[in-house]
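Have the sequence and the structure open as you read.

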Amino acid sequence: MTTATTNGALSFDGIGMIFPDGTEALQDITFSVDRGEFITVVGPSGCGKSTLLRIASGLLEPTAGSVAVDRDRLGYVFQDATLLPWRTVRQNIELLAELHGFAASERKRLSTEAIELVGLTGFEHHYPKSLSGGMKMRASLARTLTLKPPVFLFDEPFGAVDEITREHLNEETQRLFQSEDFAGLFITHSIREAVYMSTKVYVMSARPGRIVAEFDIPFSYPRQPELRFEPDFAVLNGEVSHALRGSHQ
Amino acid sequence: MTLQETSDSEAPAVSEDMVAGRAAMTDDVPKAYRVKSRTREAIETVLPPVLLGGLFLAFWYYLSLVVIDEGRRFLLKPPHQVVDVGFLDSDNFTEMLSGLWSSTKVALIGLAIAISIGFFLAIIMSQAKVLERAVFPFMVTLQAIPILAIVPLIGFWWGYGQTSRVVVCIIISLFPIIVNTLFGLLSADRAMHDLFTLHHANRLTRLRKLMFPAALPAVFAGLRISAGLSVIGAIVGDFFFGRGEVGIGQLLRRYANNLNGEELLAAVILSSALGIVVFWTFGWLQNAAIGKWHEAVQK
């Protein structure tokens with residue numbers, strides 16, 4: 001499935017997905033994400049956004065088209081934090097490095113760095129049950145960061161946290177995007193979140209999911225929290241929203 | 001907020017701390033309230049069972065001394081006589097304790113073997129659905145056989161000594177271990193499995209780092225049930241086979257045959273005490289092993 005011919009850190013070429021029960025989830029998806037790009041796909045619930053990420057990561061084989069991506073160190077942030085409850089924050093963050101066979105000293109270095117990056121210093125020895133939803137998500141981000149993945153996939157990771165925490169996490173994600181220089185593909189149904197973080201927003205239609213609109217987001221990084229209250233931001237939000245509504249009819 | 005402030009990695013952490021601080025404050029209020037009423041809470045916890053126990057003893061005396069006439073009093077001796085003859089008479093008490101120890105050994109050996117077999121079968125079944133389908137019906141069949149129905153058969157095959165008693169323990173305690181372990185092994189989240197798949201974990205790593213730790217809460221729930229059943233198995237086996245080292249089961253039968261009412265009741269009390277100790281020990285083990293991270297561990 002992995003071919004090295006196409007440009008971009010991650011590229012989809014004519015992806016189609018029809019499930020065994022006959023549901024057509026995706027139709028002819030073609031786009032690529034490059035290093036330095038943060039692309040967000042917004043779409044209604046059940047439009048196949050998450051299916052696209054599962055295909056990108058190789059968890060699912062598409063029924064049409066092909067994906068080109070290096071799956072060796074793919075970053076994948078799940079909807080839930082998916083922390084292992086029997087491991088402390090640090091042990092959780094070291095899990096992926098452990099699975100990839102890194103030495104203990106290297107794991108420790110990587111996890112310390114990642115813990116600092118997401119601001120969880122001081123919580124290394126806590127178990128997940130004593131963390132808030134936002135902190136769990138930070139730990140999940142840190143776990144992925146230890147691999148320094150060239151491609152970062154986000155599957156609606158901030159859907160379950162409250163609005164303020166979500167805004168903080170958005171700010172941090174775009175900060176990490178700046179400092180870690182990865183190719184980001186983010187899935188959400190929140191238009192504000194999409195416009196705030198991304199270099200580009202794609203609008204996906206209801207099932208079968210197709211890309212029906214594309215918006216370049218011109219704001220420069222690092223983006224300030226106040227950006228959310230600026231007229232240009234509101235206008236873009238409105239345009240994306242309009243496209244999303246249009247795709248519903 | 002200035003440009004530098006937002007790009008500073010600590011800025012969001014501070015606000016997260018504030019959220020955590022708020023949570024701690026609201027958490028503290030009911031805790032302080034709880035401290036005040038702790039004595040009262042203790043009384044409310046202890047008093048009802050003590051009262052009921054007192055009523056039970058009074059009823060026992062009433063039955064023993066008032067309802068039953070003197071000629072048939074051996075059927076239910078009053079509590080103080082049970083204590084006198086069963087626990088304070090050193091010969092009797094030593095005999096019972098050594099019987100109890102013998103049965104405890106049988107129960108523990110049986111439980112250890114049941115745990116080994118149970119873990120092995122559960123792990124095998126967790127690796128392939130087809131194996132689960134193949135093995136499970138036979139486990140259910142084994143479980144469905146009333147233990148008393150196969151006790152004679154066990155004696156027929158393994159004799160009437162220690163071995164047969166251990167076999168009874170294994171058969172009676174195996175099922176909860178298998179079912180709970182299997183359920184636990186299969187309980188890990190779909191997304192967690194995806195995480196391991198994404199990072200190319202092999203079968204053994206997945207079992208060791210994901211499925212087995214995830215299974216522990218269910219495994220301990222199964223162990224608590226099985227440990228109790230194993231004690232029952234040891235006593236039932238001893239009661240029926242009646243040869244070899246004297247266990248509490250043989251003593252129970254002898255006391256009943258000889259109409260030693262006091263000893264009989266004392267032996268029953270000791271047997272149930274053993275069951276309680278075993279159950280409590282496994283509860284403690286569970287708490288020590290997974291209490292730190294598991295949300296719903298009973299205190």
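Axes here are lines fitted to C-alpha atoms, for helices over the stretch in contact, and angles run from 0 to 180 degrees between N-to-C directions. Helices are DSSP runs (H or I, at least four residues), numbered from the N terminus. This is a predicted model, in which local features need pLDDT of at least 70, side-chain atom pairs count only at pLDDT 80 or more, and totals for chains, interfaces and linings use all residues. Residues are numbered from 1 along each chain as its sequence is written, while chains are lettered from A and ligands numbered from 1 in the order in which they are written.

| Helix pair | Angle | Axis distance |
|---|---|---|
| α10(B) (residues 203–241) and α11(B) (residues 248–257) | about 50° | 6 Å |
| α11(B) and α12(B) (residues 261–290) | roughly 155° | within 9 Å |

With its angle of roughly 155°, α11(B) is therefore roughly antiparallel to α12(B) (over 145 degrees). Their crossing is left-handed, meaning that the near helix is turned anticlockwise from the far one by less than a right angle; clockwise would be right-handed. Here B:Ile248, B:Leu251, B:Leu252, B:Tyr255 and B:Ala256 of α11(B) meet B:Glu263, B:Leu264, B:Ala267, B:Leu270 and B:Ser271 of α12(B).

On to the other pair. α10(B) and α11(B) are oblique to each other, and their crossing is right-handed. Among the residues making this contact are B:Ile235 and B:Phe239 of α10(B) and B:Ile248 and B:Leu252 of α11(B).

Conventions: Helix = DSSP H or I, 4+ residues; strand = E, 2+ residues; numbered from the N terminus. Parallel < 35°, antiparallel > 145°, perpendicular 65-115°, else oblique. Contact = placed C-beta atoms within 7 Å.
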